[in-house]
Amino acid sequence: MHEPFNPSHATQPAATAPVREPLVRVQGLTMAFGSAVIQRDLSFDILPGEVLALAGGSGCGKSTLLRHLIGLQTPAKGRVLYGTQDLYEADDDARTTLLQSFGVMFQAGALWSSMTVGENVMLPMQVLTDMDAGSREREARFKLALVGLAGSFDAEPATLSGGMRKRAAIARALALDPPLLFLDEPSAGLDPLTSAHLDELIMHLRDDLGTTVVMVSHELESIFALADRLLFLDARSKTMTALGPPKALRSNGPEDVQRFLRRGAVPNAKEAHA
Ligand SMILES: Nc1ncnc2c1ncn2[C@@H]1O[C@H](COP(=O)(O)OP(=O)(O)O)[C@@H](O)[C@H]1O
Ligand SMILES: [Mg+2]
């Protein structure tokens, strides 16, 4: 019997919920491409209503971890559990339910260039729900307004700035009101103002909608402003070396993690091998 992950926003705020059952449990996860191990023995929970930041040197496996969390890459070892459901052993129905419960913005924030911004945001509704055209448009306009792109429904993606495209990709990730949102470097390459805007949006999603957010980020400002916990993947030892509130890790974490949280400096995988 399956007990599918419940895609609702009915998570309680941290302050009033003494016991928080994890939304996701990662157990003994080893990730590899062929015989090349990227990270091993990752075990951590994703708690409802938290912003969990993923950090670590370039090439250490952050994007790869996101792919494992959303069903795109099968673990070499270990499990990813949503509730009691193993993501990689779910039958098609359970898997579809799971996939509908999260929104994803990939690192490139890619939009379909042949479609307008509005059509991009409506796409998940068209593919995954039976919403009628009117509801889809209403919902897409609402999501675009939420990310500060109210006027861009009919725009071609190519006419938007990089920051606007990222926000449009986030609006698309939000299309189905996912209780769980995965963002891969949402503010990388954005100007500080747009980046601060994005931080506010993410905070609003967590605090007002109870959305759980897993976010790859190097931006110290975002991490300290937003992240309830930081998971640090070490490129050298190829495993996680820290998990906890960023401020606590800045004063008490491993040396590399402290250095990153003070100065933003992380060794990348290539330097780590040298
Ligand atoms: N499709 C692939 N095939 C083989 N190796 C890959 C593939 N994608 C990524 N890698 C390797 O896996 C490691 C982790 O990549 P990635 O998860 O993108 O790192 P990060 O997001 O932390 O910068 C890198 O060394 C990268 O070269
Ligand atoms: Mg990456």
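Four strands make an open sheet in the order 2-1-4-5, and the pairing is antiparallel. Its edges are strand 2, residues 36-46, and strand 5, residues 85-86. Each of those edge strands pairs on one side only.

Before going on, a word on confidence. This is a predicted model. The mean pLDDT of the protein chain is 88. Of its residues, 90% reach 70 or more.

Strand 1 and strand 4 run antiparallel, joined by five bridges. Look at glutamine 27: opposite stands arginine 79 in strand 4. Next, strand 4, residues 77-82, pairs with strand 5 in the antiparallel sense. How many bridges does that pair have? Two. Leucine 81 has aspartate 86 in strand 5 as its bridge partner. Strand 4 and strand 5 form a hairpin with two residues between the strands. Glycine 83 in that hairpin takes a positive phi near 60 degrees.

Which helix covers this sheet? Helix 1, residues 62-69, lies across strand 1, strand 2 and strand 4. Strand 1 spans 24-33, and helix 1 runs at about 125 degrees to strand 1.

Six strands form an open sheet, in the order 6-7-8-3-9-10. Here the pairing is mixed. Strand 6, at 102-105, and strand 10 are the edges, each pairing on one side only. From one strand to the next, the twist averages 15 degrees.

Strand 3, residues 51-55, and strand 8, residues 212-216, pair in the parallel sense over four bridges. Leucine 54 stands opposite valine 216 in strand 8.

Then an antiparallel pair. Strand 9, residues 229-234, is joined to strand 10, residues 239-244, by five bridges. Those two strands run antiparallel. Opposite aspartate 234 we find threonine 239 in strand 10. The hairpin of strand 9 and strand 10 has four residues between the strands. Lysine 238 in that hairpin takes a positive phi near 55 degrees.

Helix 6, residues 192-209, lies across strand 3, strand 7 and strand 8. Strand 7 covers 180-184. Relative to strand 8, helix 6 runs at about 150 degrees.

On to helix packing. Helix 3, residues 117-128, is the one to follow here.

Helix 5 comes up first, residues 162-173. The axes of helix 3 and helix 5 are 8 Å apart, at an angle of about 30 degrees. Helix 3 and helix 5 are therefore roughly parallel to each other. Their crossing is right-handed. What does helix 3 bring to this contact? Val117, Asn120, Val121, Leu123 and Pro124. They meet Ala168, Ala171 and Arg172 in helix 5. By class, that contact has six nonpolar residues, one polar and one charged.

How do they lie, then? From helix 3 come Val117, Gly118, Val121, Met122, Met125 and Gln126. Helix 4 meets them with Arg136, Glu137, Glu139, Ala140, Lys143 and Leu144. The residues of this contact divide into six nonpolar, two polar and four charged.

One detail on helix 3 before I stop. Val117 and Val121 take part in the contact with helix 5, and Val117 and Val121 also take part in the contact with helix 4.

That's the tour. Questions, please.

Conventions. Residues are numbered from 1 along each chain as its sequence is written. Chains are lettered from A and ligands numbered from 1 in the order in which they are written. This is a predicted model: local features need pLDDT of at least 70, side-chain atom pairs count only at pLDDT 80 or more; totals for chains, interfaces and linings use all residues. pLDDT is the predictor's confidence in each residue, from 0 to 100. Axes are lines fitted to C-alpha atoms, for helices over the stretch in contact, and angles run from 0 to 180 degrees between N-to-C directions. Angles under 35 degrees count as roughly parallel, over 145 as roughly antiparallel, 65 to 115 as roughly perpendicular and the rest as oblique. A crossing is left-handed if the near helix is turned anticlockwise from the far one by less than a right angle, and right-handed if clockwise. Two residues are in contact if their C-beta atoms, placed from the backbone, lie within 7 Å. Ala, Val, Leu, Ile, Met, Phe, Trp, Tyr, Cys and Pro count as nonpolar, Asp, Glu, Lys and Arg as charged, and the others, Gly among them, as polar. Two strands pair if DSSP finds at least two bridges between them.
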